[in-house]
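Work through these exercises with the model open beside you. Try each task before you read its solution.

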There are 2 protein chains.
Amino acid sequence: MRRLIGVDIGGTRTRVGAFSAGELLARREFPTQGMEQANQAIRNLLSQVGWERPEAIGVGAPSPMDMRAGIILGCPNLPHWRNVKVVEELREAFGCPVYLANDATCAAIGELEFGHRARDFVYITWSTGIGGGIVAGGRVVWGATGQAGEIGHMVIRPDGPLCRCGKRGCLEAVASGTGIARAAEERLGERLPAKEVVARARAGDPGARGIAEEACRAFGQGLAIVWELLEPELVILGGGLTQAWDYLGPMVMEALGRMARGKPRVVLTKLGDDVGLYGAAALPDHFPKEWASR
Amino acid sequence: MRRLIGVDIGGTRTRVGAFSAGELLARREFPTQGMEQANQAIRNLLSQVGWERPEAIGVGAPSPMDMRAGIILGCPNLPHWRNVKVVEELREAFGCPVYLANDATCAAIGELEFGHRARDFVYITWSTGIGGGIVAGGRVVWGATGQAGEIGHMVIRPDGPLCRCGKRGCLEAVASGTGIARAAEERLGERLPAKEVVARARAGDPGARGIAEEACRAFGQGLAIVWELLEPELVILGGGLTQAWDYLGPMVMEALGRMARGKPRVVLTKLGDDVGLYGAAALPDHFPKEWASR
């Protein structure tokens, strides 16, 4: 592999890394701000590894985005990145091709190149939100404009709670960290982060336990839908809620086993929070050629 | 394109066709029986078009099957095709490579080569059962063993009716012709084919109308799930229930519009009942190379 820079812009933290011959040479991580800071972090990284310029830069960021135009459209938890022409700006700053894709798709690319290296799999982030990236026959499934993999917005409860996307009963509205926190506020009358709801459930609190069980059943149903539709070799999970997999996993797997045929295989990412960074660095080799004009 | 034979084995009828340079030269159609009759139909077809042997044969059949081994496993409505080594038998009979795939996947290949020719789409049969085939970036999504596209077995109502696959609340159990007929038997107390239930609904019968609406809502939800997950350019529908699309379509589209973001495009196949036959003939050019040992 080549001298590549990966940039993973998250709601909370941004990671940049320099990769050569498939190895991560150096990385930096800092609270997410805007373009200026990302630009500076790449400069620092380049001087650290002694490259004049990278051969290409791959950027992963949360949706919504215009992937072909290379523009991050931004969302409430990404205030510094609203309508930022990230591809154009980085290309001008570093004089190399730049590619942009959804962070969950980048994570799937990270798994394809550096992780479990399956040919047919789905990567799913189970965290504040729920996102996914699909690989079929060793190739990324992009969809018509690069938005494929929106697992969190599959409607599984048509009369369910309102999702931030405006629809009702999306998987994300029911089973994500946000969904768990919303259920806790409604039913326990307390504003608690999902992590705390899960901790209380684990400690035996019946109200919290009911909420955790419901989220796990819904998440298992989402995995079952993906399993039937795509017949992957395995589903790879990452994201904050998987840190409690020892507790939540059995409940998810019970629901999945009931709602999918065959023997679904579910594993956790081995790349931890860097899965998206690895994938961003490999994005230049996977970006659809017919979309690349940069 | 080459001199190819397509064979489409359906629950009711079998179709065989001879294709050269992408044109259907001759076809035959007859009630489905077993291997012997299909073999004879191919012989007759070959002598009609004056070929000594085809370059390859593609066979589409209902699941379950072992696609890599080339064996149709058979199901209750395919009694003559239980554990038939169709690939081995036809290869020996006609001295050419033979390929086997799911009928809905073949239909998707038919659409890719002869129909709407999109690069990213899903083909869905809405009939006695519900099946699907997925094309992403101009390539078939096969899944780990060729079973991808089982849209009918996505669970959308975890507490819903029992499906013939043994699970509860599959899309097929709720929204297929079988599901509609089952609902009519339960709620109207009559054994009616789905077609008749739809006709009564159209004529204003309130009980039948409720059943049709529920099936359409569920089918629209299924399309919405596929839309969010795969971001196709369009969804292509075929199968018996689409013959009443002028009546059912608006109800399906209302549910789809409510449960999917963006502007989902749904079209009907232009290839009619021959979509699977066309696709079977093009199967040899799409079968995964790493699976082909024939």
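**Exercise 1. Find what share of chain A is buried, then describe its build.**

Step 1. Of the 294 residues of chain A, 54% count as buried. A residue is buried if 20 or more other C-beta atoms, placed from the backbone, lie within 10 Å of its own. This is a predicted model: local features need pLDDT of at least 70, side-chain atom pairs count only at pLDDT 80 or more, and totals for chains, interfaces and linings use all residues. Residues are numbered from 1 along each chain as its sequence is written, while chains are lettered from A and ligands numbered from 1 in the order in which they are written.

Step 2. List the elements. Chain A has nine helices and 12 strands. Both are DSSP runs numbered from the N terminus: helices are H or I, at least four residues, and strands are E, at least two.

Step 3. Check the dimensions. The C-alpha trace of chain A spans about 60 × 40 × 30 Å along its principal axes.

**Exercise 2. Work out how helices α3 and α9 of chain A cross.**

Step 1. Take the axes of α3(A) (residues 103–114) and α9(A) (residues 275–282). They come within 6 Å and cross at roughly 80°. Axes are lines fitted to C-alpha atoms, for helices over the stretch in contact, and angles run from 0 to 180 degrees between N-to-C directions.

Step 2. Name the angle. α3(A) is roughly perpendicular to α9(A), a label for angles of 65 to 115 degrees.

Step 3. Sort the residues of this contact. They divide into nine nonpolar, three polar and three charged. Ala, Val, Leu, Ile, Met, Phe, Trp, Tyr, Cys and Pro count as nonpolar, Asp, Glu, Lys and Arg as charged, and the others, Gly among them, as polar.

**Exercise 3. Describe how chains A and B meet.**

Step 1. Count each side. Chain B brings 33 residues to the contact, and chain A brings 33 residues. Two residues are in contact if their C-beta atoms, placed from the backbone, lie within 7 Å.

Step 2. Find the main contributor. On the side of chain B that touches chain A, helix α7 (residues 206–230) of chain B gives the most, with six residues.

Step 3. Superpose the copies. A rotation of 180° with 0.0 Å of shift along its axis brings chain B onto chain A (RMSD 0.0 Å). In chain B, the C-alpha of B:I156 is nearest the axis, 3.0 Å from it.

Step 4. Compare the surfaces. 100% of the interface residues of chain B are also interface residues in chain A, so the copies meet through the same surface.

Technical notes:
Copies are superposed by least squares on the C-alpha atoms of residues with pLDDT of at least 70 in both. Angles under 35 degrees count as roughly parallel, over 145 as roughly antiparallel, 65 to 115 as roughly perpendicular and the rest as oblique. A residue is buried if 20 or more other C-beta atoms lie within 10 Å of its own, exposed if 12 or fewer, and partly exposed in between; C-beta atoms are placed from the backbone.
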